[in-house]
Amino acid sequence: MTDWACATLLFAQEIAPREIPWLAWFLWLLIGFFGIFPGVVAYMVWAERKVAARFQDRIGPNRVGPLGLLQPIADALKLITKEDIVPDAADPIVHLLAPVIILVSSFLVLAVIPFGVGLAPVNLPSGLLYLIAVSSFSALGVFLAGWSSRNKYALLGGMRAVAQLVSYEVPQVLSTIPVILFTGSLSLVSMVDRQYEFGWFVFSPPGFLAFVVMTIASIAEVNRTPFDLPEAESEIIAGYHTEYSGMRFGLFFLAEYLSVFAVSCLGTVLFLGGGLLPFPLNRLAEWMGTGDWPAIVVNIGMVSVFSIKVLGYVFLMFWVRVTLPRMRVDRMMNFAWKYLVPLSIGNIVIAAVWFEMVLRDPIKRMAQVEITGDEYIPPGIGVGLKGWIVTGALVIALFLTVLRVNRGSHASKIKEITESPIPLPSEAPALFARAR
Amino acid sequence: MVMLNYVFICFLMLGAVGFAVAPLILERLIAPRKRGRSKGETYECGVLTTGETWIRFRIQYFIYALLFVVFDIETVFLYPWAVSYVGLGGFALVEMVIFLVVLLIGLIYAWATDALKWV
Amino acid sequence: MIQSIFLLFSAIGLMAALGTVLSRNLVRAALWLVAFFFIIAVQFVLLEAEFLAAIQVLVYIGAVAILLLFGIMLTRNIQGDETTSASLNTKLIFGALGLALFAVLATAIVSHKGTPERPAWSKIQGRPDDEAGRDGVLTRKDTINNMAKTVGDEMMTRFVIPFEIAGLLLTVALVGAVALARQVGADEPIDRVRKAGFTRDDAPANGSPEGVAEAPGAVASPSH
C-alpha cells in the first residue's frame with residue numbers, strides 16, 4: 001500500500017493512545033458534543049418542519065429570521081421559560097432521572113462514530129458492542145418516564161414503547177453481524193477501513209438486505225412514524241412523556257433527534273462507507289499517484305461526504321414520516337418478530353457464504369502481501385459476479401420464504417375465523433357472563 | 001492503556017448529565033412557578049383519574065422481554081463468532097448454524113403457539 | 001491508583017446493592033439493581049475487560065433489567081406496603097444465609113490453588129507487562145485489543161459443547177416461559193371472550209380491538 005493509503009486508512013488512529021490526548025478530547029467535548037451535535041439536532045428539527053411542509057404543500061416556519069432559520073432558538077427559549085410541572089402523584093426522583101438517562105444514552109452513542117481520519121472521539125476495540133450497549137439504556141429511560149409519571153396513558157405508552165424498542169433492537173443488532181463478519185473486528189474504525197479496501201458493504205446482496213433491515217429497525221428504535229405508537233397522540237395522549245412539560249420535555253425531544261442523528265451516522269458507517277466515496281473513486285487519488293495529501297484536506301473531504309450521506313439518511317426518515325401512516329400495534333410487533341428477525345438470522349448465513357466466496361481469498365492475500373511486500377493483485381470481476389449471483393439468489397429465496405410463511409399463516413387464520421360461527425348479538429350477554 | 005478511552009467516556013457522561021441538568025436549573029431560575037391544586041393533578045384529558053395506575057399488566061409484555069433476553073444473549077454469542085470467523089472457517093459456520101437452528105426452534109415454538117400474537 | 005478507584009466503585013456498588021434490598025418500592029429497587037449492574041460494568045473496565053463490560057451493560061441493563069421491570073409490572077404490589085416487608089425472624093434467617101454464602105465464596109476464592117500453567121489468581125500481585133508473552137501467545141495488549149476475537153476463538157474450539165448447550169438452555173427457557181404464559185393467559189377473561197368467538201382482529205377490513213384489549217382496566221385482575 002502506498003503512503004497515501006496509509007494516511008487515509010483510519011487505523012492511523014490507535015486503539016490505545018500512548019499518552020492522553022487531553023486537548024483533542026476537550027475540543028471534542030466542548031465543540032463536538034456540546035456544541036455541534038446539539039446544533040445539528042436543532043436544525044434537523046427545522047429541516048424536518050420545512051421538508052414536511054414542502055411535502056404537504058405548505059411553507060413551513062418562516063417568521064423567525066430569514067427562512068425561519070432562527071426558529072430552533074426561539075423554540076429553545078420557549079421551552080426554557082415554560083413552567084416545569086411535576087404531577088403530585090409522580091415519583092419525583094425517577095421522574096427527573098428518566099429524561100437524563102435517555103439524553104446521556106443518546107450522547108454516549110456518538111462517542112465511537114468515526115467521522116473522518118482519526119476523527120472518532122475514541123476508538124474502542126469493541127466499539128460496536130459498546131454502541132449497542134449504551135443505546136439500550138434508552139429503553140430503561142422510557143420505561144422509567146412512563147412509570148414515574150403515574151399516569152395511565154404514560155404507563156401504557158411506556159410499556160408499549162419498551163416492548164417496541166426491545167423487539168426492534170433484535171433485528172437491528174442481528175443485521176450488524178454481516179458487517180462484523182466482513183470486517184473481523186468490532187471497531188467501527190476498522191469497519192470503515194475494510195470498506196476502503198472492498199467497497200461499501202451495501203453493495204453486496206447480504207449487505208443490502210442487512211442495510212434495509214437495519215434502516216427499518218432504526219426508524220422503529222427512534223420511535224418515528226410509522227412506528228410512533230409509543231406516542232400515538234390519538235390513542236394515548238403523548239405516551240410516556242405525557243406528564244413532562246417545559247425543559248424536561250425538551251430533553252426528550254433533544255434525545256429523540258440526537259438518536260435520529262446517531263442511527264443515521266451508524267447506518268452510514270456500517271453500510272455506506274462512512275466518509276468514503278464509492279469503491280473505484282475512493283482509490284482515485286492513490287491511482288493517480290498524487291502522493292501524500294495533508295490530513296486536514298483528506299478530513300475536510302471525508303467529513304463532507306459523511307455529512308452528505310447522513311443528510312440523505314435523515315431525509316429518508318423524514319420522507320418515510322410524511323408518507324406512511326402509523327402502524328397497528330399487533331402488526332408492528334408481528335413485523336419485528338415474524339419478518340425482520342427471520343430475515344436477519346437467515347442473512348447471517350448468507351453473509352458467511354458471501355464471505356467465503358468473495359472476501360476470504362483477497363483478505364488472505366492482503367495479509368500475505370503485508371508480510372512479503374509483493375504487489376497486491378485484486379481479484380477478478382468474475383469472483384464478485386459469481387458471489388453476486390449465488391447470494392443474490394439466496395437473499396431473494398429467503399425473502400420469498402419469509403413472505404410465504406407469513407402469508408400462509410395469515411391466510412389460514414382468516415379462513416379459520418371466517419368459517420367459525422358468528423355469535424348473534426343476542427348471545428353476547430350470555431357469552432360475557434360465561435367469560436366472567 | 002485501553003482504559004484511557006474510558007476516561008473520555010466518563011467525561012462525556014458527566015458532561016451529558018451536566019448538559020441535561022443545566023437547562024433544568026436555568027428553567028428553575030427564570031421560568032414562572034405557580035403551583036396550584038389542579039395543576040398538580042394527573043393529566044387525563046380533563047377528567048379526574050380514577051383507580052390505581054400502577055396495576056398488573058398482561059403477561060404478553062413479559063414474553064416479549066423474555067424473547068428479547070434470549071436473542072440478546074444470542075447476539076452476545078454471535079458477535080465474537082463473527083469477529084473470529086476469518087480465522088476459523090467452515091467448521092465454525094456449521095457450529096453457528098446448529099446454534100441458530102436451536103434458537104430458531106424456540107422462536108418457531110413461540111410463533112406456533114401464538115405467544116407472539118399481540119392481543 | 002487504579003486499585004483505589006476500584007475499591008471506591010466497590011463501595012458505591014455495595015451501597016447500590018443495599019439500596020436494592022432496602023427499597024420498599026419495587027421499581028426503585030430495580031433501579032438500584034441497575035445501578036449495581038452498571039458498577040459491575042465499570043469494574044470490568046477497570047480490570048481491562050471492556051468487552052465484558054459492554055456485554056454486562058447490554059445483557060444486564062439492556063435486557064435483564066427490562067425483563068425484571070416487566071416482571072414487576074406483573075405483580076400487584078409495586079408500592080411496597082406491609083406485605084413486602086418481612087418479620088424480624090425472616091430477616092435474621094436470610095441475613096444469616098447471605099453471610100454464609102459470602103463466607104463460602106470468600107473461602108473458595110482465597111483457598112484457590114490454581115494449576116502449574118495458571119497460578120491461582122489470588123496469588124497474582126500485578127498485571128503482566130505489555131510485552132510479556134511467549135511465541136505464538138498473544139501479549140496482554142493484543143489480548144485486550146482483540147478480546148472479542150480471543151473469546152470467539154475459545155468459544156468455537158475449546159468450549160464448543162458448552163456453547164451449544166447454552167443455546168439449548170436459552171431455547172428451553174424460552175419454551176418454558178411461553179408454555180407457562182399460555183397457562184396463565186388462559187385464565188384471563190379477555191381470552192375466554194376471544195375463544196368464544198368474539199374478537200376478529202385477524203379478519204381484514206375490521207376495526208382493531210387492541211385498544212380495548214390493552215386498556216389496563218380490562219386485564220387489571222381476573223376477578224372483576
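This is a predicted model: local features need pLDDT of at least 70, side-chain atom pairs count only at pLDDT 80 or more; totals for chains, interfaces and linings use all residues.

User: Why is His95(A) called buried?

Analyst: Buried means under 20% relative accessible area. His95(A) has 0% relative accessibility, so the residue counts as buried. Its place is in helix H4 of chain A, residues 92–109.

User: What makes the pairing of the side chains of His95(A) and Arg248(A) a polar contact?

Analyst: A polar contact needs a pair of N or O atoms within 3.5 Å. For the side chains of His95(A) and Arg248(A) the value is 2.9 Å, and the pair is listed as a polar contact. A polar atom of the His95(A) side chain also lies 3.5 Å from the backbone oxygen of Glu243(A).

User: Which residues does His95(A) touch, not counting residues up to four places away in sequence?

Analyst: Among them are Val86(A), Pro87(A), Ala90(A), Ser148(A) and Ser149(A). Glu243(A), Tyr244(A) and Arg248(A) are also touched by His95(A).

User: Why is the pair Asp84(A) and Arg248(A) called a salt bridge?

Analyst: The cut-off is a side-chain nitrogen of Lys or Arg within 4 Å of a carboxyl oxygen of Asp or Glu. The side chains of Asp84(A) and Arg248(A) meet at 3.1 Å, N to O. The pair links distant parts of the chain, 164 residues apart. Asp84(A) is in the loop between helix H3 (71–80) and H4 of chain A, while Arg248(A) is in helix H12, residues 246–271.

User: Are Asp84(A) and Arg248(A) buried or exposed?

Analyst: Asp84(A) has 17% relative accessibility and therefore counts as buried. Arg248(A) is at 9%, so this residue counts as buried too.

User: Why do Asp91(A) and Arg28(C) get separate labels?

Analyst: Partly exposed covers the range between the buried limit of 20% and the exposed limit of 50%. Asp91(A) has a relative accessible area of 6%, so Asp91(A) is buried. Arg28(C) has 28% relative accessibility and therefore counts as partly exposed.

User: How do you know that Lys149(C) and Asp153(C) form a salt bridge, and how far apart are they in helix H6?

Analyst: Their closest N and O atoms are 3.7 Å apart, and the limit is 4 Å. Lys149(C) and Asp153(C) are 4 residues apart in helix H6 (residues 147–157) of chain C, which means a separation of about one helical turn. Lys149(C), at 29% relative accessibility, counts as partly exposed. Asp153(C), at 26%, also counts as partly exposed. Elsewhere, salt bridges that share partners join Glu48(A), Arg224(A), Glu256(A) and Arg321(A) into one network.

User: How many salt bridges does a search of the whole structure find?

Analyst: Over all chains, the search finds 9 salt bridges.

User: What does the secondary structure of chain C come to, and what are its surface and contacts like?

Analyst: Chain C has 10 helices and 0 strands. Of its 224 residues, 35% are buried. The accessible surface of chain C is about 13300 Å², with 69% belonging to carbon and sulfur atoms. Among contacts in chain C with a separation of 6 or more, 47% are between residues 24 or more positions apart.

Notes: Residues are numbered from 1 along each chain as its sequence is written. Chains are lettered from A and ligands numbered from 1 in the order in which they are written. Side-chain values use heavy atoms; hydrogens and water are left out. Helices (H or I, at least four residues) and strands (E, at least two) are DSSP runs, numbered from the N terminus. Buried means under 20% relative accessible area, exposed over 50%, partly exposed in between (1.4 Å probe, protein chains only). A polar contact is a pair of N or O atoms within 3.5 Å; within protein, one must be able to donate a hydrogen and the other to accept it, and residues adjacent in sequence count only if both atoms are side-chain atoms. Contact means heavy atoms within 4.5 Å. Accessible areas come from the Shrake-Rupley method with a 1.4 Å probe; for residues, only the protein chains shown count as cover.
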